[in-house]
Every structure is written in C-alpha cells, then in structure tokens.
Amino acid sequence: MIRNPVYEKELRMTYRSIRIIAIIMIFNIILALVGISRLSYIINDMHFNGSAEYSAMLQLYILIATIEFLLLILIIPGQTSTAISGERERRTLDTILSTTITPFTLIIGKLAASLNTIALFILSSLPVLSLVFIYGGIQLSDLILLLGYMLFTAACIGSASICFSSLFRRTATSIITSYGFTFFLFIGTLCLTELPALFSNTNAVSPTIKTLLLYFLLFNPGITFYYIMNIQAGSSTAFMKLLHFPHLYMTEFVTNHWILMSILVQFTVSVLFLFFAVRHLKNNFYSGKA
C-alpha cells in the first residue's frame with residue numbers, strides 16, 4: 001500500500017492539515033472528559049463505601065468504548081464519502097485516471113488513507129480506554145478485539161461511502177446517501193426485526209419470517225458491538241433477549257459464533273461495494289462520463 005501513489009498523496013494532504021489535528025483533539029477531549037469525570041465519581045464512591053467495586057470499572061470501559069464507537073460512526077461517512085466525488089468536482093478525476101493509476105488503485109488508495117486516519121483516532125484514544133486498567137476488569141485481548149472491530153467497521157462503512165462517492169457526481173448527494181445508509185444499517189435493520197411486533201396479532205406472522213428478519217441483524221455493526229460488550233461484561237443474556245432466543249428458529253450455531261458470522265457477512269457486503277465502485281468508475285471513464 002505504501003507504493004500506492006493515491007495513498008501517499010492523501011496521507012501528505014491529511015497530515016499537513018490542521019483540521020484533522022483539531023478533530024482528533026476534540027475527539028479525545030470528549031472521551032477524556034467522560035472518562036475522567038466518571039472515574040472521579042467511581043473513586044469517590046469507593047472512598048465513601050470503603051470497598052472497591054470492579055463492576056464499576058467495567059461500566060466505565062463500556063461507557064467510553066460506546067461513546068468512541070458512536071463518534072467514529074459519525075466521522076467515517078464524512079471522511080470517505082467525498083473521496084471520488086470531490087475529485088470529480090475539482091475536475092481532477094479525469095486527469096488522475098488518464099495516468100497509470102487504475103480505478104482500483106484510486107479507490108483502494110482513498111479507502112486505505114481514510115482507514116489510516118481512523119486508525120489514528122483509535123490509537124489516540126488508548127490512554128483514555130486504558131483508565132480501566134487502573135483497577136482491572138478487562139484483559140488486553142478484550143481491548144484488541146474491541147479496537148480491531150472498530151477498525152473493521154470503519155472499513156465496511158468506508159467501502160459503502162466510497163461506492164456512493166463514485167456513483168454520485170455531487171459531494172452533497174454522496175454525503176447524504178452515506179449517512180442515510182449508515183442510519184439504515186444501524187437503525188433500519190433493527191426496525192426490520194421488530195416489524196412483527198407492529199401487528200396486533202403476532203401469530204399472523206410465521207416464525208420463519210420472524211427468524212429471517214432477525215438475520216438482518218448480521219449486517220448491523222452496532223449489534224455485533226453490543227454482543228462484544230456483553231461478552232466482555234461476562235453476560236450474553238441481554239444479547240440473547242434481543243434475539244428473542246430460543247423462541248425463534250435462529251440456530252444455536254449462529255448465536256454462538258455471532259462475531260465471526262457478522263464479520264463474514266459485513267466483509268462480503270464491503271467487497272461488493274468496492275467491486276461496484278471500481279466497475280462504475282471504470283465504465284464511466286472509458287465512456288467519457290467520469
């Protein structure tokens with residue numbers, strides 16, 4: 001990836017910008033304020049009660065991780081949805097594609113540069129997330145899993161956003177579509193699974209249809225994040241209750257291997273988005289409509 005000229009150019013432009021430094025500072029200030037204020041409350045409570053409750057530190061970890069995940073979800077579409085449409089509006093897209101740079105190289109370079117920036121956000125948050133290690137509560141492997149899934153989610157949403165950026169000519173349209181898709185991914189799929197509850201007679205909807213709707217949650221990164229948090233908290237009861245398990249016909253294999261199954265589904269969707277982005281860009285360029 002270091003040899004990708006688009007990747008190198010994007011990195012230079014990004015890290016020379018004061019804007020990205022300001023965003024990272026605001027990002028970490030928000031996490032630090034939440035983390036330090038909550039930690040101060042926990043320590044004062046420990047002094048008052050004269051005992052240490054390690055569950056409180058686990059709740060602190062979950063709180064910081066959830067806020068960080070939500071902030072990243074808000075940043076990612078805006079970071080990647082202007083990748084191709086921005087070049088098109090600046091009238092530099094034709095020039096780039098006229099060189100030895102292929103549509104695949106362009107899109108992968110743009111996505112990798114965006115993920116590099118997101119990785120910087122994630123790594124910069126380590127000091128705040130590490131507050132939980134003061135009293136213990138989680139293992140290093142739990143933290144690696146969490147940060148790895150955050151980066152994976154960034155890649156999935158980034159792939160979709162870059163696809164929309166290549167499909168639409170105007171940056172505003174690609175940004176709105178990217179955020180709309182992200183909203184549907186997190187909220188829409190959850191609403192689909194609750195559709196049977198809208199019927200006055202729930203027996204009118206067969207259990208098979210209910211289960212099929214439930215499988216849409218595999219596309220939802222928020223549900224998998226919720227599962228990871230439940231597992232690291234030492235309980236999957238809330239997650240199983242969310243899946244209405246075992247009242248429906250969702251197999252135990254899927255529920256026991258939810259992280260792997262959801263990652264495979266989301267990875268497949270991301271590859272399809274990148275494929276369509278490259279194909280659309282290539283077809284438009286050769287037809288003179290890039």
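Q: Why is Glu10 called buried?
A: The relative accessible area of Glu10 is 15%. Buried means under 20%, exposed means over 50%, and partly exposed lies in between (1.4 Å probe, protein chains only). Glu10 is therefore counted as buried. The model is predicted, so local features need pLDDT of at least 70 and side-chain atom pairs pLDDT 80 or more, while totals for chains, interfaces and linings use all residues. Residues are numbered from 1 along each chain as its sequence is written, and side-chain values use heavy atoms, without hydrogens and water.

Q: What makes Lys9 and Glu10 a salt bridge?
A: A salt bridge requires a side-chain nitrogen of Lys or Arg within 4 Å of a carboxyl oxygen of Asp or Glu. In this pair the closest N and O atoms are 3.5 Å apart, and the contact therefore qualifies under that limit. Lys9 itself is partly exposed, because its relative accessible area is 30%.

Q: How many salt bridges does the structure hold, and which of them involve Glu87?
A: The structure holds five salt bridges. Among them, Glu87 pairs with Arg90 at 3.3 Å, N to O, and with Lys110 at 2.7 Å, N to O. Glu87 lies in helix α4 and Lys110 in helix α6, so this pair ties together parts that are 23 residues apart in sequence. Salt bridges with shared partners join Lys9, Glu10, Glu87, Arg90 and Lys110 into one network.

Q: What makes Glu87 buried or exposed?
A: Its relative accessible area is 2%, and Glu87 is therefore buried. Lys110 is buried as well.

Q: How do you know which secondary structure the chain has?
A: Helices (H or I, at least four residues) and strands (E, at least two) are DSSP runs, numbered from the N terminus. By this count the chain has 14 helices and zero strands. Its pattern, read along the sequence, is α-α-α-α-α-α-α-α-α-α-α-α-α-α.

Q: Why does Asn28 count as buried, and what does it touch?
A: Asn28 lies in helix α2, and its relative accessibility of 15% is why it counts as buried. Contact means heavy atoms within 4.5 Å. Leaving aside residues up to four places away in sequence, Asn28 touches Ser124 and Ser125. The C-alpha atoms of Asn28 and Ile122 are separated by 9.6 Å, although the two residues are 94 residues apart along the chain.

Q: What share of the contacts in the chain joins residues 24 or more positions apart?
A: Such pairs account for 80% of the contacts with a separation of 6 or more.

Q: What makes Ile21, Met25, Ile29 and Leu33 a nonpolar patch?
A: Patch residues have over 30% relative accessible area and no salt bridge; like charges are joined within 9 Å, and nonpolar side chains (Val, Leu, Ile, Met, Phe, Trp, Tyr) within 5 Å. Ile29, in helix α2 (residues 18-49), is partly exposed because its value is 47%. Leu33, also placed in helix α2, is exposed because its value is 58%. Together the four residues of the patch have about 410 Å² of accessible area. Leu33 and Val128 are 95 residues apart in sequence and 9.4 Å apart in space, C-alpha to C-alpha.

Q: How much of the chain is buried, and what is its accessible surface?
A: Of the 290 residues, 45% count as buried. The accessible surface (Shrake-Rupley method) comes to about 15100 Å², and 69% of it belongs to carbon and sulfur atoms.

Q: Which residues lie nearest the centre of the largest pocket, and what is its volume?
A: On a 1 Å grid over the protein atoms alone, a pocket is an open set of points with protein on both sides within 12 Å along at least five of seven lines, whereas a cavity is a set where a 1.4 Å probe fits but cannot get out; lining residues have an atom within 4 Å of a point. The largest pocket has a volume of about 520 Å³. Its lining has 21 residues, of which Glu10, Thr14, Arg19, Gln79 and Thr82 lie nearest the centre. Helix α6 provides the largest share of that lining, five residues.

Q: How many cavities of 30 Å³ or more does the structure hold, and which helix gives the most to the lining of the largest?
A: There is one cavity of 30 Å³ or more, and the volume of the largest cavity is about 90 Å³. Its lining includes Cys156, Phe181, Phe219 and Phe273. Helix α14 gives the most to this lining, with five residues.

How values were computed. Areas by Shrake-Rupley, 256 points an atom, 1.4 Å probe, with all protein chains shown as cover. Points joined across faces, edges and corners; volume = space filled by probe spheres on them.
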